[in-house]
Amino acid sequence: MNDPNGLIQWKGQYHLFYQYNPDAPMHGNIHWGHAVSTDLVHWTHLPIALTPTPGRADADGCWSGCAVDNHGTPILLYTGIRPQVVCLATSSDDLLTWQYYSGNPVIAGPPPVLQEDIQGEFRDPFVWKEGHYWYMLIGTRRVGKGGMILLYRSHDLITWEYRHPLLVADASKLQPTWTGAMWECPNLLTFGDRRLLFFSGQTAEGHLLYPIYVIGAFQDEQFSARTQAILAHGGSFYAPQAFYDAQGRAIMWGWLQEERSQSLCQQAGWAGVMSLPIILSLSPEDRLSLEPASELAILREKHWHDGNFVLSKASQRPYADSQGDCLEILLTCEPGQHCTFGLRLRCSPDGQEQTRIVYQAASQQLSIERDQSSINSDVDHENCSIAVELASGKPLTLHIFLDRSVLEVFVNNRYYLATRIYPQRPDSLELDLFARAGSVKINSLDIWRLESIWNN
Ligand code: DQQ
């Protein structure tokens, strides 16, 4: 599986569609898989929703797209490929089966004036209703210049009028991160009079970079960008999509890519996983906040609490009882000025395998160190680091979810990192806190063993 698609809450149920290859644990022959949940945590698989079909505009693949509610009729808008076009499907049985619209494609390719710039890369429709119109974003590029997002509008979801480029890569304006050569999977969310626009950047060679967000305003069909940053760190999270649920929460999922070789995926028989559901909001200072959906707490099983102590240089504090490979860890602390400290997990008793989450106060860097995460050389071992801006005297909160090979870390609900680790030893389950330099005051440490989401 790869990208989340068609996110929608329908008659109380959360529907999560996703890019799916039923034939092999690799990208190819892309269908839309389908799962439903009533609580964002426990999921039921439903039959495949979209299948590439000879003679249709989606014959070579049903690539990414979205779902909307058109006055009680569910509609999917998605990408047909070779060439890349926009297709529409409807359902009359509560999203279970989908009827391909006979007039497809509803958009037959890029607007003629941009065809030379775009050269065929034109995908991942994102649709929302505003004022009198349905609006659509499409991810694309200007060859040799960078990514671009196009804006369309429609009265009926069938006939689309191209308006203009909504956002165009321009290194001099959008700072400070390189956004790649092509933008995929655009999304636009509304928070009062502010907008959050995000998309995923790809290189000219098709290498997947990271998702990027821009905060700004959308007025008179124009987007004005104020700030830009990377949406998710760590290298695994890509192609996110978000939607509003009935409570008005903006919920986002991303695809967590594998970071092991193709032959290990073949051996495992599967590849790709969905991230946790992440709630997005904007702070008054135009900062994006990312937090795990509160529903996840229903998985908490056995609990351990520690706290109110100081950990100093060259010391370690093991948590032998709470070892495991499915854990939620919530740590709040006050790192001293010269402190470097961290948490080790999925650690074997002799330390041969271990993954460390390390904070260095002097550089305000948070790193996930994977150099020893696995004795298997066929998996990624690179470390990843981010700069964490901590206002002076403010505590650092790490909210960590470990689910076997998946490690997701929320830092002060402001930064999110996701990475994959593949320990080989069955005893790589231990956990401890350690300090390398200076001292850190641990206000509280909570560890929960997590239940499986599968009931049987
Ligand atoms: N994956 C889909 C595309 C999208 C890309 C194909 C992003 O629609 O652009 O599986 O991962």
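Buried area is the accessible area that two parts lose on being put together, summed over both. In this predicted model, the two parts of interest are the domains of the protein chain, assigned as domain 1 (4-292) and domain 2 (300-450). The area buried between domain 1 and domain 2 is about 1900 Å². Carbon and sulfur atoms give 57% of that area. On the side of domain 1, His233, Glu259 and Leu290 lose the most area to domain 2, and together they account for 31% of what that side buries. The centres of the two domains, taken over C-alpha atoms, are separated by 32 Å. In terms of contacts, 25 residues of domain 1 meet 22 residues of domain 2.

Polar interactions also cross this interface. The rule finds 15 residue pairs in polar contact between domain 1 and domain 2, both residues of each pair being at pLDDT 80 or more. Two elements, α2 (262-268) and β21 (288-292), each supply at least two residues of the side of domain 1 that touches domain 2. Of the contributors to that side, β21 gives the most, with five residues. By residue class, the side of domain 1 that touches domain 2 divides into 11 nonpolar, nine polar and five charged residues. Three salt bridges are found across the interface of domain 1 and domain 2. A salt bridge also joins the side chains of Glu258 and Arg420, with a distance of 3.1 Å from N to O.

His233, already named for the area it loses to domain 2, is found in the loop between β16 (222-230) and β17 (237-244). The relative accessibility of His233 is 19%, so this residue counts as buried, the cut-off being under 20%. Leaving aside neighbours within four places in sequence, His233 is in contact with Ile386, Tyr416, Leu417 and Ala418.

Ile279 is placed in strand β20 (residues 278-282). Because its relative accessibility is 14%, Ile279 counts as buried. Beyond its neighbours within four places in sequence, the contacts of Ile279 include Arg249, Ala250 and Ile251. Ser289, Leu290, Glu291, Pro292 and Ala293 are also among the contacts of Ile279. The C-alpha atoms of Ile279 and Ala250 are 5.7 Å apart in space, whereas the two residues are 29 residues apart in sequence. Leu290, a contact of Ile279, is also one of the residues of domain 1 that lose the most area to domain 2.

Several features of the backbone were noted as well. The peptide bond from Arg82 to Pro83 is cis, with omega near -5°, and Pro83 lies in the loop between β6 (73-80) and β7 (85-90). A cis peptide bond is also present from Asn104 to Pro105, with omega near 0°. Pro105 belongs to the loop between β8 (99-100) and α1 (115-118).

Asp124, although not a glycine, has a positive phi of about 70°. This residue lies in strand β9 (residues 123-130), and Asp124 is buried, with a relative accessible area of 4%. Gln364, likewise not a glycine, has a positive phi of about 50°. The place of Gln364 is in the loop between β26 (355-360) and β27 (365-369). With a relative accessible area of 27%, Gln364 is partly exposed.

How values were computed. Residues are numbered from 1 along each chain as its sequence is written. Side-chain values use heavy atoms; hydrogens and water are left out. Helices (H or I, at least four residues) and strands (E, at least two) are DSSP runs, numbered from the N terminus. Buried means under 20% relative accessible area, exposed over 50%, partly exposed in between (1.4 Å probe, protein chains only). Contact means heavy atoms within 4.5 Å. Domain bounds come from an automatic or database domain assignment. Buried area is the accessible area (1.4 Å probe) that two parts lose on being put together, summed over both. A salt bridge is a side-chain nitrogen of Lys or Arg within 4 Å of a carboxyl oxygen of Asp or Glu. A polar contact is a pair of N or O atoms within 3.5 Å; within protein, one must be able to donate a hydrogen and the other to accept it, and residues adjacent in sequence count only if both atoms are side-chain atoms. Ala, Val, Leu, Ile, Met, Phe, Trp, Tyr, Cys and Pro count as nonpolar, Asp, Glu, Lys and Arg as charged, and the others, Gly among them, as polar.
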